[in-house]
Protein chains: 2
Amino acid sequence: MNDRVEFEVQEREVIYRAIATRRDVRRGFLEKPLPDQLIHRLLSAVHCVPSVGLMQPSRFVLVSDYDVRRAVHEAFLQANERALATYTGDRREQYAKLKLEGILEAPQNLCVLSDPQSERGHQLGRHTMPETAIYSTICAIQNLWLAARAVGVGWVSILDPDRLSEILYIPENIVPVGYLCLGYVDRFERFGWESRIPLERIVSYDRYCADPEAENP
Amino acid sequence: MNDRVEFEVQEREVIYRAIATRRDVRRGFLEKPLPDQLIHRLLSAVHCVPSVGLMQPSRFVLVSDYDVRRAVHEAFLQANERALATYTGDRREQYAKLKLEGILEAPQNLCVLSDPQSERGHQLGRHTMPETAIYSTICAIQNLWLAARAVGVGWVSILDPDRLSEILYIPENIVPVGYLCLGYVDRFERFGWESRIPLERIVSYDRYCADPEAENP
(Lines give C-alpha, C1' and ligand atoms only; values in the text may rest on other atoms or scores of the structure.)
Protein backbone atom coordinates (compact mmCIF):
# COMPACT_ATOMS: atom_id res chain seq x y z
CA MET A 1 0.00 0.00 0.00
CA ASN A 2 1.31 3.42 -1.04
CA ASP A 3 1.12 5.61 2.07
CA ARG A 4 2.01 8.92 0.44
CA VAL A 5 -0.21 11.55 2.10
CA GLU A 6 0.01 14.24 -0.60
CA PHE A 7 -2.45 14.20 -3.48
CA GLU A 8 -1.87 15.57 -6.96
CA VAL A 9 -4.56 17.70 -8.58
CA GLN A 10 -5.77 14.88 -10.84
CA GLU A 11 -5.84 12.51 -7.87
CA ARG A 12 -8.07 14.94 -5.98
CA GLU A 13 -10.41 14.95 -8.98
CA VAL A 14 -10.69 11.16 -8.70
CA ILE A 15 -11.78 11.48 -5.07
CA TYR A 16 -14.29 14.22 -5.84
CA ARG A 17 -15.63 12.09 -8.68
CA ALA A 18 -15.96 9.00 -6.46
CA ILE A 19 -17.93 11.08 -3.97
CA ALA A 20 -20.08 12.72 -6.64
CA THR A 21 -20.97 9.55 -8.51
CA ARG A 22 -21.82 7.40 -5.51
CA ARG A 23 -25.19 5.74 -6.11
CA ASP A 24 -27.60 3.81 -3.95
CA VAL A 25 -28.15 0.69 -6.07
CA ARG A 26 -31.43 -1.19 -5.88
CA ARG A 27 -31.67 -3.04 -9.19
CA GLY A 28 -29.48 -4.46 -11.92
CA PHE A 29 -27.35 -6.65 -9.66
CA LEU A 30 -25.60 -9.44 -11.57
CA GLU A 31 -25.58 -13.02 -10.28
CA LYS A 32 -21.82 -13.42 -10.07
CA PRO A 33 -20.69 -12.97 -6.46
CA LEU A 34 -17.81 -10.69 -5.56
CA PRO A 35 -14.63 -12.76 -5.19
CA ASP A 36 -13.41 -13.37 -1.62
CA GLN A 37 -10.27 -11.37 -2.38
CA LEU A 38 -12.29 -8.27 -3.29
CA ILE A 39 -14.53 -8.64 -0.21
CA HIS A 40 -11.42 -8.91 1.94
CA ARG A 41 -9.90 -5.87 0.26
CA LEU A 42 -13.05 -3.80 0.81
CA LEU A 43 -13.37 -4.81 4.45
CA SER A 44 -9.67 -4.17 5.06
CA ALA A 45 -10.07 -0.70 3.58
CA VAL A 46 -12.94 0.19 5.87
CA HIS A 47 -11.48 -1.52 8.91
CA CYS A 48 -8.24 0.47 8.84
CA VAL A 49 -9.83 3.89 9.30
CA PRO A 50 -9.91 6.18 12.31
CA SER A 51 -12.56 5.62 14.96
CA VAL A 52 -13.26 7.50 18.18
CA GLY A 53 -10.39 6.68 20.57
CA LEU A 54 -9.37 4.00 18.03
CA MET A 55 -12.09 1.83 19.57
CA GLN A 56 -12.89 0.22 16.18
CA PRO A 57 -16.50 -0.57 17.04
CA SER A 58 -17.52 -1.90 13.59
CA ARG A 59 -18.45 -5.54 13.09
CA PHE A 60 -19.53 -7.17 9.82
CA VAL A 61 -21.75 -10.08 8.89
CA LEU A 62 -21.39 -11.12 5.26
CA VAL A 63 -24.58 -12.85 4.19
CA SER A 64 -24.45 -15.11 1.13
CA ASP A 65 -26.83 -17.88 2.26
CA TYR A 66 -30.07 -17.61 0.29
CA ASP A 67 -32.31 -18.68 3.19
CA VAL A 68 -30.92 -15.98 5.43
CA ARG A 69 -31.37 -13.37 2.70
CA ARG A 70 -34.93 -14.60 2.14
CA ALA A 71 -35.74 -14.13 5.83
CA VAL A 72 -34.32 -10.59 5.67
CA HIS A 73 -36.31 -9.95 2.50
CA GLU A 74 -39.51 -11.03 4.27
CA ALA A 75 -38.69 -8.61 7.07
CA PHE A 76 -38.27 -5.91 4.44
CA LEU A 77 -41.67 -6.72 2.87
CA GLN A 78 -43.40 -6.40 6.24
CA ALA A 79 -41.68 -3.12 7.09
CA ASN A 80 -42.34 -1.76 3.62
CA GLU A 81 -46.04 -2.58 3.82
CA ARG A 82 -46.28 -0.59 7.05
CA ALA A 83 -44.36 2.28 5.41
CA LEU A 84 -46.63 2.26 2.35
CA ALA A 85 -49.69 2.49 4.60
CA THR A 86 -48.53 5.91 5.85
CA TYR A 87 -48.83 7.53 2.40
CA THR A 88 -51.94 8.61 0.52
CA GLY A 89 -52.85 9.69 -3.01
CA ASP A 90 -50.17 10.28 -5.64
CA ARG A 91 -47.36 9.94 -3.14
CA ARG A 92 -48.63 6.49 -2.20
CA GLU A 93 -48.81 5.47 -5.83
CA GLN A 94 -45.27 6.77 -6.39
CA TYR A 95 -43.98 4.95 -3.29
CA ALA A 96 -45.61 1.66 -4.33
CA LYS A 97 -43.75 1.77 -7.65
CA LEU A 98 -40.30 2.31 -6.11
CA LYS A 99 -37.82 -0.54 -6.12
CA LEU A 100 -36.16 -0.03 -2.74
CA GLU A 101 -33.83 -2.99 -2.22
CA GLY A 102 -31.90 -5.76 -3.93
CA ILE A 103 -31.63 -8.21 -1.01
CA LEU A 104 -32.30 -11.32 -3.11
CA GLU A 105 -30.89 -10.11 -6.46
CA ALA A 106 -27.55 -9.06 -4.94
CA PRO A 107 -25.46 -12.21 -4.44
CA GLN A 108 -24.07 -10.90 -1.17
CA ASN A 109 -25.47 -8.75 1.60
CA LEU A 110 -23.39 -7.12 4.30
CA CYS A 111 -24.85 -6.25 7.68
CA VAL A 112 -22.70 -3.62 9.36
CA LEU A 113 -22.89 -3.58 13.15
CA SER A 114 -21.46 -1.47 15.94
CA ASP A 115 -20.37 -2.38 19.46
CA PRO A 116 -20.89 1.03 21.10
CA GLN A 117 -20.22 -0.16 24.65
CA SER A 118 -16.89 -1.76 23.84
CA GLU A 119 -14.16 -1.06 26.36
CA ARG A 120 -11.71 -0.71 23.48
CA GLY A 121 -10.60 2.90 23.14
CA HIS A 122 -11.01 3.36 26.91
CA GLN A 123 -13.94 5.79 26.40
CA LEU A 124 -11.68 8.43 24.81
CA GLY A 125 -13.94 11.00 23.13
CA ARG A 126 -17.12 9.24 24.28
CA HIS A 127 -17.80 10.83 27.66
CA THR A 128 -19.79 13.75 26.26
CA MET A 129 -20.82 12.27 22.89
CA PRO A 130 -21.15 8.48 23.29
CA GLU A 131 -22.95 8.41 19.93
CA THR A 132 -19.56 8.83 18.23
CA ALA A 133 -19.04 5.07 18.56
CA ILE A 134 -21.86 4.41 16.09
CA TYR A 135 -20.78 7.46 14.06
CA SER A 136 -17.39 5.76 13.58
CA THR A 137 -19.17 2.79 12.06
CA ILE A 138 -21.11 5.04 9.67
CA CYS A 139 -17.81 6.54 8.52
CA ALA A 140 -16.68 2.98 7.76
CA ILE A 141 -19.83 2.41 5.69
CA GLN A 142 -19.24 5.56 3.66
CA ASN A 143 -15.65 4.43 3.06
CA LEU A 144 -16.90 1.05 1.89
CA TRP A 145 -19.27 2.79 -0.48
CA LEU A 146 -16.43 4.74 -2.06
CA ALA A 147 -13.98 1.82 -2.09
CA ALA A 148 -16.66 -0.30 -3.76
CA ARG A 149 -17.43 2.22 -6.49
CA ALA A 150 -16.64 -0.38 -9.14
CA VAL A 151 -19.46 -2.50 -7.74
CA GLY A 152 -22.97 -1.65 -6.64
CA VAL A 153 -23.92 -0.95 -3.04
CA GLY A 154 -27.48 -0.38 -1.83
CA TRP A 155 -28.37 0.58 1.75
CA VAL A 156 -31.66 -0.89 2.99
CA SER A 157 -33.10 0.94 6.00
CA ILE A 158 -36.65 -0.36 5.63
CA LEU A 159 -36.08 -3.15 8.15
CA ASP A 160 -37.09 -3.51 11.77
CA PRO A 161 -33.71 -3.64 13.58
CA ASP A 162 -35.07 -6.06 16.23
CA ARG A 163 -36.26 -8.48 13.55
CA LEU A 164 -32.90 -8.18 11.76
CA SER A 165 -31.11 -8.97 15.03
CA GLU A 166 -33.24 -12.08 15.48
CA ILE A 167 -32.49 -13.35 11.98
CA LEU A 168 -28.74 -12.73 12.22
CA TYR A 169 -28.33 -13.79 15.89
CA ILE A 170 -27.12 -10.31 16.83
CA PRO A 171 -26.94 -9.91 20.64
CA GLU A 172 -28.55 -6.96 22.42
CA ASN A 173 -25.33 -5.03 23.01
CA ILE A 174 -24.53 -4.95 19.28
CA VAL A 175 -26.37 -2.35 17.15
CA PRO A 176 -27.34 -3.12 13.54
CA VAL A 177 -26.32 0.07 11.77
CA GLY A 178 -26.65 -0.60 8.05
CA TYR A 179 -27.83 -3.44 5.85
CA LEU A 180 -26.11 -3.31 2.47
CA CYS A 181 -26.70 -5.18 -0.77
CA LEU A 182 -23.45 -5.82 -2.67
CA GLY A 183 -22.81 -6.96 -6.20
CA TYR A 184 -21.65 -6.16 -9.68
CA VAL A 185 -24.21 -4.10 -11.59
CA ASP A 186 -25.04 -3.40 -15.20
CA ARG A 187 -26.02 0.26 -14.67
CA PHE A 188 -26.42 3.08 -12.17
CA GLU A 189 -29.59 5.13 -12.04
CA ARG A 190 -31.30 8.09 -10.37
CA PHE A 191 -34.78 8.40 -8.87
CA GLY A 192 -37.28 11.27 -8.73
CA TRP A 193 -38.55 11.08 -5.16
CA GLU A 194 -37.30 14.45 -3.88
CA SER A 195 -35.65 17.52 -5.40
CA ARG A 196 -32.28 18.85 -4.27
CA ILE A 197 -31.89 21.75 -1.82
CA PRO A 198 -29.34 24.44 -2.82
CA LEU A 199 -26.14 24.62 -0.77
CA GLU A 200 -26.70 28.29 0.12
CA ARG A 201 -29.73 27.35 2.19
CA ILE A 202 -27.84 25.06 4.53
CA VAL A 203 -24.58 26.88 5.27
CA SER A 204 -24.44 29.62 7.88
CA TYR A 205 -21.55 31.55 9.36
CA ASP A 206 -20.28 31.73 12.94
CA ARG A 207 -23.71 30.98 14.37
CA TYR A 208 -26.66 28.91 13.21
CA CYS A 209 -29.22 30.52 10.96
CA ALA A 210 -32.35 28.57 9.99
CA ASP A 211 -32.53 29.97 6.47
CA PRO A 212 -29.24 31.68 5.57
CA GLU A 213 -30.35 32.43 2.01
CA ALA A 214 -33.32 34.44 3.24
CA GLU A 215 -31.24 36.40 5.74
CA ASN A 216 -28.15 36.90 3.54
CA PRO A 217 -29.67 37.59 0.11
CA MET B 1 -17.30 17.88 -13.19
CA ASN B 2 -16.45 14.60 -14.89
CA ASP B 3 -19.35 12.21 -14.20
CA ARG B 4 -17.79 9.05 -15.59
CA VAL B 5 -18.82 6.22 -13.23
CA GLU B 6 -16.11 3.71 -14.18
CA PHE B 7 -12.80 3.81 -12.36
CA GLU B 8 -9.44 2.66 -13.73
CA VAL B 9 -7.22 0.49 -11.55
CA GLN B 10 -4.89 3.37 -10.68
CA GLU B 11 -7.89 5.57 -9.86
CA ARG B 12 -9.15 2.95 -7.42
CA GLU B 13 -5.73 2.99 -5.78
CA VAL B 14 -6.13 6.73 -5.20
CA ILE B 15 -9.43 6.15 -3.42
CA TYR B 16 -8.01 3.35 -1.29
CA ARG B 17 -5.07 5.58 -0.43
CA ALA B 18 -7.31 8.51 0.53
CA ILE B 19 -9.24 6.19 2.84
CA ALA B 20 -6.09 4.61 4.31
CA THR B 21 -4.24 7.85 4.97
CA ARG B 22 -7.11 9.78 6.55
CA ARG B 23 -5.89 11.30 9.81
CA ASP B 24 -7.58 13.00 12.73
CA VAL B 25 -5.54 16.20 12.99
CA ARG B 26 -5.14 17.93 16.35
CA ARG B 27 -1.94 19.96 16.02
CA GLY B 28 0.20 21.62 13.40
CA PHE B 29 -2.55 23.78 11.91
CA LEU B 30 -1.17 26.75 9.96
CA GLU B 31 -2.61 30.25 10.41
CA LYS B 32 -3.61 30.80 6.80
CA PRO B 33 -7.35 30.21 6.42
CA LEU B 34 -8.72 28.00 3.68
CA PRO B 35 -9.86 30.19 0.76
CA ASP B 36 -13.63 30.65 0.33
CA GLN B 37 -13.44 28.85 -3.00
CA LEU B 38 -11.99 25.72 -1.39
CA ILE B 39 -14.54 25.80 1.44
CA HIS B 40 -17.30 26.10 -1.13
CA ARG B 41 -15.85 23.24 -3.14
CA LEU B 42 -15.62 21.01 -0.07
CA LEU B 43 -19.16 21.77 1.06
CA SER B 44 -20.50 21.28 -2.46
CA ALA B 45 -18.81 17.88 -2.60
CA VAL B 46 -20.40 16.73 0.63
CA HIS B 47 -23.76 18.32 -0.06
CA CYS B 48 -24.29 16.51 -3.37
CA VAL B 49 -24.23 13.01 -1.93
CA PRO B 50 -27.04 10.53 -1.35
CA SER B 51 -29.09 10.80 1.82
CA VAL B 52 -32.00 8.70 3.05
CA GLY B 53 -34.98 9.52 0.78
CA LEU B 54 -32.86 12.40 -0.57
CA MET B 55 -33.88 14.34 2.54
CA GLN B 56 -30.48 16.11 2.69
CA PRO B 57 -30.60 16.68 6.45
CA SER B 58 -27.07 18.14 6.81
CA ARG B 59 -26.56 21.75 7.84
CA PHE B 60 -23.23 23.52 8.31
CA VAL B 61 -22.00 26.38 10.48
CA LEU B 62 -18.59 27.64 9.41
CA VAL B 63 -16.94 29.28 12.43
CA SER B 64 -14.08 31.72 11.78
CA ASP B 65 -14.83 34.30 14.50
CA TYR B 66 -12.21 34.01 17.24
CA ASP B 67 -14.62 34.79 20.09
CA VAL B 68 -16.98 32.03 19.04
CA ARG B 69 -14.10 29.58 18.77
CA ARG B 70 -12.86 30.68 22.20
CA ALA B 71 -16.27 29.95 23.72
CA VAL B 72 -16.25 26.49 22.10
CA HIS B 73 -12.71 25.95 23.36
CA GLU B 74 -13.81 26.77 26.91
CA ALA B 75 -16.61 24.23 26.54
CA PHE B 76 -13.99 21.70 25.44
CA LEU B 77 -11.80 22.45 28.48
CA GLN B 78 -14.72 21.86 30.85
CA ALA B 79 -15.75 18.61 29.14
CA ASN B 80 -12.16 17.43 29.00
CA GLU B 81 -11.62 18.06 32.70
CA ARG B 82 -14.62 15.87 33.48
CA ALA B 83 -13.28 13.20 31.11
CA LEU B 84 -9.82 13.29 32.70
CA ALA B 85 -11.36 12.79 36.13
CA THR B 86 -12.66 9.37 35.05
CA TYR B 87 -9.15 7.93 34.54
CA THR B 88 -6.61 6.81 37.12
CA GLY B 89 -2.92 5.90 37.23
CA ASP B 90 -0.88 5.59 34.04
CA ARG B 91 -3.93 5.92 31.83
CA ARG B 92 -4.75 9.24 33.46
CA GLU B 93 -1.21 10.48 32.94
CA GLN B 94 -1.34 9.39 29.31
CA TYR B 95 -4.72 11.08 28.79
CA ALA B 96 -3.52 14.33 30.35
CA LYS B 97 -0.67 14.51 27.83
CA LEU B 98 -2.87 14.04 24.76
CA LYS B 99 -3.53 16.99 22.49
CA LEU B 100 -7.15 16.36 21.56
CA GLU B 101 -8.27 19.37 19.56
CA GLY B 102 -7.14 22.35 17.49
CA ILE B 103 -10.16 24.64 17.97
CA LEU B 104 -8.12 27.83 18.35
CA GLU B 105 -5.10 26.88 16.22
CA ALA B 106 -7.22 25.89 13.21
CA PRO B 107 -8.30 29.11 11.46
CA GLN B 108 -11.73 27.66 10.70
CA ASN B 109 -14.03 25.29 12.50
CA LEU B 110 -17.03 23.61 10.94
CA CYS B 111 -19.98 22.48 13.01
CA VAL B 112 -21.94 19.86 11.10
CA LEU B 113 -25.61 19.59 12.07
CA SER B 114 -28.53 17.40 11.12
CA ASP B 115 -32.23 18.14 10.84
CA PRO B 116 -33.57 14.62 11.49
CA GLN B 117 -37.23 15.63 11.64
CA SER B 118 -37.21 17.42 8.30
CA GLU B 119 -40.23 16.73 6.12
CA ARG B 120 -37.90 16.67 3.11
CA GLY B 121 -37.62 13.14 1.75
CA HIS B 122 -41.19 12.44 2.90
CA GLN B 123 -39.96 9.93 5.52
CA LEU B 124 -38.77 7.48 2.83
CA GLY B 125 -36.53 4.90 4.54
CA ARG B 126 -37.08 6.45 7.98
CA HIS B 127 -40.16 4.62 9.24
CA THR B 128 -38.23 1.69 10.72
CA MET B 129 -34.81 3.31 11.13
CA PRO B 130 -35.29 7.06 11.76
CA GLU B 131 -31.65 7.23 12.84
CA THR B 132 -30.68 7.07 9.14
CA ALA B 133 -31.29 10.84 8.93
CA ILE B 134 -28.32 11.50 11.20
CA TYR B 135 -26.42 8.63 9.56
CA SER B 136 -26.73 10.51 6.24
CA THR B 137 -25.00 13.48 7.84
CA ILE B 138 -22.17 11.28 9.10
CA CYS B 139 -21.66 10.00 5.56
CA ALA B 140 -21.33 13.65 4.51
CA ILE B 141 -18.67 14.21 7.20
CA GLN B 142 -16.68 11.20 6.02
CA ASN B 143 -16.89 12.54 2.46
CA LEU B 144 -15.64 15.91 3.63
CA TRP B 145 -12.76 14.21 5.36
CA LEU B 146 -11.71 12.48 2.14
CA ALA B 147 -12.33 15.51 -0.09
CA ALA B 148 -10.24 17.59 2.31
CA ARG B 149 -7.29 15.19 2.35
CA ALA B 150 -5.00 17.99 1.16
CA VAL B 151 -5.88 19.90 4.35
CA GLY B 152 -6.17 18.83 7.96
CA VAL B 153 -9.45 17.87 9.59
CA GLY B 154 -9.87 17.06 13.28
CA TRP B 155 -13.13 15.85 14.83
CA VAL B 156 -13.73 17.08 18.40
CA SER B 157 -16.28 15.02 20.31
CA ILE B 158 -15.23 16.18 23.78
CA LEU B 159 -17.95 18.84 23.90
CA ASP B 160 -21.29 18.94 25.64
CA PRO B 161 -23.76 19.12 22.72
CA ASP B 162 -26.17 21.30 24.73
CA ARG B 163 -23.45 23.83 25.49
CA LEU B 164 -22.38 23.80 21.83
CA SER B 165 -25.98 24.46 20.80
CA GLU B 166 -26.12 27.45 23.16
CA ILE B 167 -22.92 28.95 21.77
CA LEU B 168 -23.91 28.50 18.13
CA TYR B 169 -27.63 29.36 18.55
CA ILE B 170 -28.64 25.88 17.35
CA PRO B 171 -32.38 25.27 17.94
CA GLU B 172 -33.65 22.15 19.70
CA ASN B 173 -34.79 20.35 16.57
CA ILE B 174 -31.32 20.52 15.01
CA VAL B 175 -28.73 17.98 16.22
CA PRO B 176 -25.03 18.90 16.46
CA VAL B 177 -23.37 15.85 14.92
CA GLY B 178 -19.72 16.75 14.52
CA TYR B 179 -17.44 19.65 15.38
CA LEU B 180 -14.49 19.79 12.99
CA CYS B 181 -11.28 21.83 13.01
CA LEU B 182 -10.14 22.72 9.48
CA GLY B 183 -6.88 24.10 8.20
CA TYR B 184 -3.70 23.55 6.29
CA VAL B 185 -1.21 21.50 8.29
CA ASP B 186 2.52 20.97 8.32
CA ARG B 187 2.40 17.25 9.19
CA PHE B 188 0.18 14.26 9.92
CA GLU B 189 0.81 12.07 12.96
CA ARG B 190 -0.31 8.94 14.78
CA PHE B 191 -1.04 8.39 18.47
CA GLY B 192 -0.51 5.38 20.78
CA TRP B 193 -3.75 5.30 22.76
CA GLU B 194 -5.12 1.94 21.61
CA SER B 195 -3.84 -0.97 19.50
CA ARG B 196 -5.58 -2.21 16.36
CA ILE B 197 -7.90 -5.21 16.31
CA PRO B 198 -7.33 -7.73 13.45
CA LEU B 199 -9.99 -7.87 10.74
CA GLU B 200 -10.57 -11.61 11.24
CA ARG B 201 -11.99 -10.95 14.68
CA ILE B 202 -14.79 -8.70 13.46
CA VAL B 203 -16.11 -10.41 10.31
CA SER B 204 -18.57 -13.28 10.56
CA TYR B 205 -20.52 -15.16 7.92
CA ASP B 206 -24.29 -15.49 7.41
CA ARG B 207 -25.00 -14.97 11.11
CA TYR B 208 -23.34 -12.97 13.87
CA CYS B 209 -20.54 -14.59 15.82
CA ALA B 210 -19.00 -12.74 18.79
CA ASP B 211 -15.45 -13.93 18.13
CA PRO B 212 -15.20 -15.42 14.64
CA GLU B 213 -11.46 -16.02 14.94
CA ALA B 214 -11.92 -18.22 17.99
CA GLU B 215 -14.72 -20.23 16.35
CA ASN B 216 -13.18 -20.45 12.86
CA PRO B 217 -9.48 -20.95 13.59
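1. E3(A) pairs with strand E4 (residues 175–183) of chain A in the antiparallel sense, over 5 bridges. Within this pairing, A:Gly154 has A:Cys181 of E4(A) as its bridge partner. Two strands pair here if DSSP finds at least two bridges between them. The names come from DSSP runs numbered from the N terminus: helices are H or I runs of at least four residues, and strands are E runs of at least two.

2. A word on the model before we go on. This is a predicted model, in which local features need pLDDT of at least 70 and side-chain atom pairs count only at pLDDT 80 or more, while totals for chains, interfaces and linings use all residues. Residues are numbered from 1 along each chain as its sequence is written, and chains are lettered from A and ligands numbered from 1 in the order in which they are written.

3. As a reminder, strands of a sheet pair through backbone hydrogen bonds, either parallel or antiparallel.

4. Look at the strand that chain B contributes. Strand E5 (residues 203–205) of chain B pairs with E1(A) in the parallel sense, over 3 bridges. There, B:Ser204 is the bridge partner of A:Val61.

5. Another open sheet of 5 strands runs E5(A)-E1(B)-E2(B)-E4(B)-E3(B), again with mixed pairing. Its edge strands are E5 (203–205) of chain A and E3 (152–156) of chain B. E3(B) and E4(B) run antiparallel and are joined by 5 bridges; in this pair, B:Gly152 stands opposite B:Gly183. Helix H6 (residues 161–168) of chain B lies across E1, E2 and E4 of chain B, at about 70° to E4(B). Axes are lines fitted to C-alpha atoms, for helices over the stretch in contact, and angles run from 0 to 180 degrees between N-to-C directions.

6. How many residues of chain A are in contact with chain B? The contact involves 85 residues of chain A and 85 residues of chain B, where contact means that the C-beta atoms, placed from the backbone, lie within 7 Å. H1(A) gives the largest share of chain A's side, 10 residues. That side divides into 47 nonpolar, 20 polar and 18 charged residues. Ala, Val, Leu, Ile, Met, Phe, Trp, Tyr, Cys and Pro count as nonpolar, Asp, Glu, Lys and Arg as charged, and the others, Gly among them, as polar.

7. H1(A) also packs against helix H5 (residues 132–147) of chain B at about 165°, with the axes 9 Å apart. This makes H1(A) roughly antiparallel to H5(B), a label for angles over 145 degrees. A:Ile15, A:Tyr16 and A:Ile19 meet B:Asn143, B:Leu146 and B:Ala147 in this contact.

8. The same surface serves both copies, as 100% of the contact residues of chain A recur in chain B.

Definitions and conventions. Contact = placed C-beta atoms within 7 Å. Parallel < 35°, antiparallel > 145°, perpendicular 65-115°, else oblique.
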